[in-house]
Amino acid sequence: MSSKSNDQGRAYEFACLCELVEAIKQYRPVNVLHNSSYAAAESAYNLLSTSNKDTYHISARAMIPAIFECEPMMIEASTDELELFIQKDEEGKKGDVRDIIIVRSNVQWEIGLSVKHNHFAVKHNRLSHRLNFAKKWFGYDCSQTYWDAVTPVFDYLKKCKRSSLIFEELPDKEHDVYIPIVDAFIKEVLYQTSLHSDVPQKMVEYLLSKYDFYKVISVDSRRHTQIQAYNTHGTLNRATSKKRPSILVPQALLPTRIIKMDFKPGFDNTAELFMDNGWTFSFRIHNAETLVVPTLKFDIQIEGMPTEILTINCIWR
């Protein structure tokens, strides 16, 4: 993700936090934790133009009624204080993609929002000659077969880097780089699955989150804010002692097996993964920099989700 996109994401987090606080405090006491992540988000927000700030607030405001209908614990009339805070980016590397955490400590209730500005990508993970992706994703070490396949490719990229080559100038990047890397990645995922039955579940928990969450996506061109409810562990949508949620969030099943994983038809740099219970992902490998570097980056997208993943489009007013 570019520095500009990162700043826009942080700024949108801040706008969402501010709008949530304004709305929640009409019902109950609320406190915001002013940590380092809050300061970074506020700084990014202050870089926005006035018109962009207005757009971000309109977008954030649009999602609040639906979130309240899904989560009545947020606005239950009570004297206990509800706390909100922005998580550190490091938590995402540990499998927690939630950006904004909302907590009621006295009743042991917590939900999180993953906030995105104009993009639907899941993650932007890298591969290199040293990155043990299987260990990071599933908890199991990459096989020697995988390392034997990818090492010559990254050695080639190191050589090109020493010559200060531009990635687009490589004579045959598809066959020299993309195809062998994607092929090795596919074979390694299938190999790990053959050894460990929990790899499909662990992959989705790594790519999405180990925790249930609401993904909030500002789609500025369509003037709506999309909410996706990922309730794979059944922790969302809790009723209060007096009120049930008016929008029901079903629990979605995590995958248990891989149906198929192969190159996406017509693409040299993209793998497609089909799993049971409705999960489909694509993994597009690319060079993230203009100059050649000995690492490659994934653009990972959800191509298909279980029907139980609730999606709500909140129109801007």
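**Helices, sheet and nonpolar cores of the predicted model**

The buried residues of helix α3 (buried: under 20% relative accessible area, with exposed over 50% and partly exposed in between, for a 1.4 Å probe and protein chains only) are Y56, H57, S59, A60, A62, M63, I64, A66, I67, F68 and C70. The model is a predicted one, in which local features need pLDDT of at least 70 and side-chain atom pairs count only at pLDDT 80 or more, whereas totals for chains, interfaces and linings use all residues. Residues are numbered from 1 along each chain as its sequence is written, and side-chain values use heavy atoms, with hydrogens and water left out. Helices (H or I, at least four residues) and strands (E, at least two) are DSSP runs, numbered from the N terminus.

The expected span is 1.5 Å times one less than the number of residues. At I64, α3 bends by about 30°, and the proline P65 follows within four residues; the bend is the angle between axes fitted to the seven residues ending at a position and the seven starting there.

For α7, the 23 residues should span 33 Å at 1.5 Å a residue, which agrees with the 32 Å between the end C-alpha atoms. A bend of about 30° occurs in α7 at I179, and a proline, P180, follows within four residues. Buried positions of α7 include K173, Y178, F185, E188, V189 and Q192.

The five strands of an open sheet are arranged in the order β5-β11-β10-β9-β8, with antiparallel pairing; two strands pair if DSSP finds at least two bridges between them. The edge strands, β5 (126–128) and β8, each pair on one side only. From one strand to the next the twist averages 20°, where axes are lines fitted to C-alpha atoms, for helices over the stretch in contact, and angles run from 0 to 180 degrees between N-to-C directions. Seven bridges join β10 and β11 in the antiparallel sense, and T280 has G304 of β11 as its bridge partner. Helix α7 packs on the sheet, touching β5, β8, β9, β10 and β11, and its direction makes about 165° with that of β8. Helix α8 also packs on the sheet, touching β8, β9, β10 and β11, with its direction at about 65° to that of β10. Contact denotes heavy atoms within 4.5 Å.

A nonpolar core is a set of buried Ala, Val, Leu, Ile, Met, Phe, Trp, Tyr and Cys residues joined through side-chain atoms within 4.5 Å. The largest such core has 50 residues, of which F133, W137, L207, M261, F281 and F283 touch the most other members. At least two residues of this core are supplied by each of α5 (133–137), α6 (144–162), α7 (173–195), α8 (199–207), β8 (258–263), β9 (270–275), β10 (280–286) and β11 (295–304). The largest share, eight residues, comes from α7. Neighbours within four places in sequence aside, F133 is in contact with L127, F138, C142, Y146, F185, E188 and V189. Another core, of 47 residues, lies apart from the largest one and has A44, I100, I102 and W316 among its members.

R223 lies in the loop between β6 (213–219) and β7 (224–230) and counts as partly exposed because its relative accessibility is 45%. N237, in the loop between β7 and β8, is buried, with a relative accessible area of 13%.
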